[in-house]
Amino acid sequence: MTQHAQSDSPVSLWADTAPAAPATDSLPSGEHRADVLVIGAGFTGLSTALAAAGRGADVVLLEAAEIGSGGSGLNNGQVIPCLSRADPDEIVAARGAGKGEALVALIRDSAQATFDLIRRHKIACDAVQNGWLQPAHTPGRVERISKPRFEQWRRRGAPVELLDQDAVAALTGSRYWHGGWRNPTGGHVDPLALARGLARAAMDAGVRLHTRSPVIGMERAGEGWLVRTDAATVLAKRVVIATNAYGTDRVWPGLDRSWVPMRSYQMATSPLPDTVRRSILPSDTAMSDTHGDLYFCRFDRRGRLVTGGALIFDRDFEPRLKRRIGDRMALLFPQIGEPSFDYVWHGQLSMTEDKLPHMHALAEGVITWVGCNGRGVALGIALGPVLADAALGAAPADLPLPLTELGRVPAHALAARIAPWMLALFRWRDAQA
Ligand SMILES: Cc1cc2nc3c(=O)[nH]c(=O)nc-3n(C[C@H](O)[C@H](O)[C@H](O)COP(=O)(O)OP(=O)(O)OC[C@H]3O[C@@H](n4cnc5c(N)ncnc54)[C@H](O)[C@@H]3O)c2cc1C
C-alpha cells in the first residue's frame, strides 16, 4: 500500500488519474489583506472563492495541505442531486416551507449546476452526466424508499424516473435489485481532477490560492478578522470556513464538535476486460443503492470499477475490505468473477444528528457549513455561491439555508466513538424486507 506524502492516508486512484494541480505556493510571510478569506480548498472552498471573485471581491484561499486533499479529492465522484437520508418532505418539515423548499430546489439543481460549471470552465475531469441511479435491494424498499422519493422529487420538478426490476437490470447489468429510481441530471467525475480544475478556474478569476498554509487561529480586528498561519496574517473583512470534516478546534473553537466524523473506504479494481465492462452499468451511470451499509459503484475511464464500503473496526482494513467488497461485487455482478483491487483508500465525512446540512454564522462576518452526510460533491459546489452571497452581505432571508449558531452534538466524544457501530444496526435493518 502506497502512502500519501502529506498524511497517513493510502494513495487514491484519483491521485494517479487526475491532471496535475496548478502551481501554488504557501502564503508568504508578512501581512496580507482580502475582502473574503476562504479556508479549505475542497469543493466548497473552491466554489465559494470562485463565486466571490466573480462578484468582484478580492479573495484569498488558504489550504492546509494540497488542493482536494480532504473529502473532495478522496470520494467516489458520484454527482448526486439528493441527500443520503432526508427526502424533500422531511427537509420541508424540518426547515419550514420557505427555507425547506429553497434547500430542496438547491439540491434538485445541484448536479446540473455542477456539470454546467465543469462545461463553462472546460474542466478536464472525465465528467459523465449519464444519470444517477438508486436501485432498491428489497421489494419493501421499492415501496418505502423508491416510490415516495421518486414522487417527492417529481412534485418538485426534478426529471426523475421510477424504474421496475427489468429497467434496473438493463441499467445495472444485474438482477440483484427489485426496482428503483433515477435522476438523469446526476453522473460521475474524477473528483480530484474536478477540484484541481476548479482551483485553476478560481485562480484565473483572481483568487490568491495558497496551499501548505494551515490556518492556526483568528481574532477580531476592527471591522474584520485577523487570520493567522505560522508565518503570516491575513486581515479579511469576511471569512468562510470550508474545512468540513477536516475542520479542527484550531480554526474555530467547537467547530469539530458540531458534527460526528465517519470514515468511508474507497477501492478500485484493475481495469475489467471489455466484455465484462460492457455488461456492468452499460450506460455508465453512477449507482448507490438503498442499503444503509451502502452498495455503490461507478466506472472510471479506464474501466476500473470504483466502489467501497464501511467498516466497524479499521484494523487491517485493506485485506478485510478486499474480501468483503470483492464478495459483494461478485454477488451483484457474477460476470466479474473474483475482482482484484489495485487501490484502497479512505476519507472522512461529517455527519449531523438530523442528517441535514447546516450553515452557521460563527460570529459577525464568519460563516461555515457542515453536514454533507456523505453527499457533498454537488452540494458543496452548489453551496459555494450561497456562502459567497452570505459573506458579501446577502440578507439571511434570501439564503436557502438558515444561518444558525454553531450547534454541538450531545456527548460528542461518545457519539464519535459509537458512530461506526451504527453500521451494525444498518446491516441488521438491511437484512429486513
Ligand atoms: C471516501 C468518501 C467518499 C465520498 N463519496 C461521495 C460521493 O460519491 N458523492 C458525494 O456527493 N459525496 C461524497 N462524499 C462526500 C464529499 O466528498 C464531501 O462532502 C465533499 O468533498 C466535502 O467538500 P468540502 O470542500 O466541504 O470539504 P473537503 O473537501 O474535506 O475540504 C476541506 C479542506 O479544508 C482543509 N483544511 C482543514 N483544516 C484547515 C486549516 N486549518 N487551514 C486550511 N485548510 C484546512 C483540508 O485540508 C481540506 O482540503 C464522500 C466523502 C468521502 C470521504
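How many residues surround the ligand, and which are the closest? In this predicted model, 33 residues surround the ligand. The closest are Thr44, Glu63, Ser72, Gln78 and Asn244.

A polar side-chain atom of Glu63 lies 2.6 Å from an oxygen atom of the ligand. Asn75 also places a polar side-chain atom by a ligand oxygen, at 3.0 Å. At Gln78 the backbone takes part: one of its polar backbone atoms is 2.8 Å from a nitrogen atom of the ligand.

Across the boundary, 20 residues of domain 1 are in contact with 23 residues of domain 2.

The area buried between the domains is about 1,800 Å². Carbon and sulfur atoms give 69% of this area. On the domain 1 side, Leu13, Trp14 and Leu74 lose the most area to domain 2. Together, these residues account for 30% of what that side buries.

Between the domains, the count of salt bridges is 0. Polar contacts link 4 residue pairs, with both residues at pLDDT 80 or more. Three helices each supply at least two residues of the domain 1 side that touches domain 2: H1 (13-17), H8 (191-204) and H11 (377-391). The residues of this side divide into 15 nonpolar, 3 polar and 2 charged.

Key: Residues numbered from 1 in each chain as written. Predicted model: local features only at pLDDT ≥ 70, side-chain atom pairs only at ≥ 80, totals over all residues. Heavy atoms only, no water. Contact = heavy atoms within 4.5 Å. Buried area = accessible area lost by both parts, 1.4 Å probe. Salt bridge = Lys/Arg side-chain N within 4 Å of Asp/Glu carboxyl O. Polar contact = N/O pair within 3.5 Å; in protein donor to acceptor, adjacent residues only side chain to side chain. Helix = DSSP H or I, 4+ residues; strand = E, 2+ residues; numbered from the N terminus. Nonpolar A, V, L, I, M, F, W, Y, C, P; charged D, E, K, R; others polar. Near = heavy atom within 4 Å.
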